[in-house]
Amino acid sequence: MEERKYEFPKDFLWGGAVAAHQVEGAYDVDGKGLSTADVLTAGNQKTPRQITKGVLSDQYYPNHEAIDFYHRYKEDIKLFKELGLKAFRTSINWARIFPNGDDSVPNEAGLKFYDDLFDELLRNGIEPVVTLSHFEIPYALYENYGGFKNRKLITFFAWYAETVMRRYKDKVKYWMTFNEINNQLDRFDELHTWTNSAVLFDEGDNKEEVTVQASLNELIASAKAVKIGKEINPNFQIGCMMAYVPVYPYACHPKDMLASSKMMERRFFYSDVHVRGEIPTYALKRWKNEGFDIKYTAEELDALRQGTVDYIGFSYYMSKAVTTLDDVYGDPVRDFPEAKVVGNPYLDTNDWGWQIDPDGLRYTLNTVYQRYNKPLFIVENGMGAYDKIDADGKIRDDYRVAYLEAHIKAMHEAISIDGVDVMGYTPWGVIDIVSFGSGEMEKRYGIIHVDKDNQGHGTLERRKKESFAWYQKVIEANGLQG
Ligand code: BGP
């Protein structure tokens with residue numbers, strides 16, 4: 001049989017991805033404790049969300065119910081099966097299992113929920129891909145311990161990982177530790193709350209130093225989880241999860257090239273530790289130069305060495321550019337001491353200003369594979385958009401199809417031309433979910449529509465968008481037609 005032009009490797013994991021707190025709702029039932037995600041303020045594109053004291057009323061944040069996946073997952077999995085999904089990525093909401101984070105005994109009702117969910121997926125031929133911590137650590141760990149800046153969280157996380165990995169050892173093969181662990185170091189000054197470290201800063205803290213310490217504590221916790229997981233089931237595939245946003249030099253000025261490479265280094269720091277099992281020299285040097293007093297023990301360094309990951313999971317949505325020049329296109333997006341992140345005049349953006357760049361995905365796959373030589377798993381990619389229901393009830397989201405198709409082509413080129421090892425592709429929000437960044441429902445990624453608006457109104461009815469049939473064909477053909 002003639003090979004199709006865009007055919008993918010056999011066993012390629014075509015899937016879809018969500019995170020527990022963005023779909024489940026039911027935030028206060030069956031013994032669940034609060035997670036940091038439950039107490040975020042509503043945001044929007046300009047205003048970052050913040051952890052606040054306690055759960056906001058519906059007037060201030062109307063999306064606590066999310067899409068009520070907790071009660072409707074069977075109906076949704078039926079649609080996933082019809083779609084042909086081979087894998088479904090979600091997270092375990094840590095506070096369902098350990099309501100306070102530091103409990104010694106897990107909450108059985110929470111464990112039971114994920115038993116049922118994973119069973120339902122498996123019954124429908126869908127492989128669960130599970131993130132242990134997706135921006136939803138128990139709120140009590142933030143409030144009482146200050147988040148991951150406190151090394152006690154290493155033990156709590158390891159115990160949580162051990163508990164769930166033991167419980168689901170015959171149901172879940174693919175794991176990831178911390179979602180987008182690397183996006184905190186660029187944003188420690190303002191957006192610490194939306195990371196997994198959930199650092200509660202004290203007066204007088206050097207925020208960058210504390211963020212580095214929290215990050216290292218998470219990396220150690222992750223490595224311990226990997227080691228424990230492998231002992232529980234040597235067949236587990238345990239990965240890290242990175243946000244890869246390539247930052248191009250804005251100009252071919254050598255200083256821009258250096259700025260780009262330094263910016264990437266800050267982000268690669270995390271996967272360098274996850275994959276190589278040691279703290280890179282450039283980081284040690286920087287901490288020394290900055291006078292940071294970063295604490296770790298010989299036992300922890302050993303844990304890093306013993307807990308390296310099997311694969312690299314990552315999200316890819318966009319690229320950015322960086323420059324040292326003054327005269328640039330558009331407004332700078334972000335300032336760093338020596339350079340600023342700026343728009344790229346060659347790229348279009350979505351309605352939220354995210355630059356659309358499929359070639360950047362191929363570039364990222366190449367760069368990461370060359371750096372680590374480990375299998376890669378694209379566990380998030382997609383386009384947030386305002387969708388419109390036409391008079392005939394159809395949602396014609398050809399822009400979403402165009403986005404996904406271009407990225408699938410880029411991924412195919414990376415595999416078939418460049419020889420990159422890619423395990424699978426789970427586009428973000430296969431079903432409409434609450435946006436993490438803005439807390440809105442109407443920034444939609446799904447190929448399944450959910451009837452709910454930004455004010456929390458709607459029937460929660462599910463409806464297939466036009467992209468549904470398109471993705472179904474892609475999966476069936478194991479790639480794009482023609
Ligand atoms: C990533 C997160 C997801 C998801 C996605 C899209 O950073 O891992 O949780 O939300 O981005 O972002 P948003 O929801 O802000 O559009």
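Two strands count as paired if DSSP finds at least two bridges between them. Keep that in mind for this tour of a predicted model.

**Stop 1: a strand pair.** Select Ile378 and Tyr425. Ile378 sits opposite Tyr425, a residue of strand 13. Now show strand 12 (residues 376-380) and strand 13 (residues 422-425). The two run parallel and are joined by three bridges.

Stop 2: Select helix 11, residues 358-372. Helix 11 packs on the sheet and touches strand 8 (311-315), strand 12 and strand 13. Its direction makes about 140 degrees with that of strand 12.

Stop 3: Eight of them close into a barrel, in the order 2-3-4-5-6-8-12-13, with parallel pairing. From one strand to the next, the twist averages 30 degrees.

**Stop 4: Glu380.** Return to strand 12 and select Glu380, which belongs to this strand. The unreviewed UniProt entry places the feature "active site" at Glu380. Is Glu380 buried or exposed? Glu380 is buried, because 24 other C-beta atoms lie within 10 Å and the cut-off for buried is 20 or more.

Stop 5: Colour the shell by residue class.

Note on methods. Residues are numbered from 1 along each chain as its sequence is written. This is a predicted model: local features need pLDDT of at least 70, side-chain atom pairs count only at pLDDT 80 or more; totals for chains, interfaces and linings use all residues. UniProt positions are given in the numbering used here, feature names are shortened, and annotations may be inferred rather than shown by experiment. Helices (H or I, at least four residues) and strands (E, at least two) are DSSP runs, numbered from the N terminus. A residue is buried if 20 or more other C-beta atoms lie within 10 Å of its own, exposed if 12 or fewer, and partly exposed in between; C-beta atoms are placed from the backbone. Axes are lines fitted to C-alpha atoms, for helices over the stretch in contact, and angles run from 0 to 180 degrees between N-to-C directions. Two residues are in contact if their C-beta atoms, placed from the backbone, lie within 7 Å.
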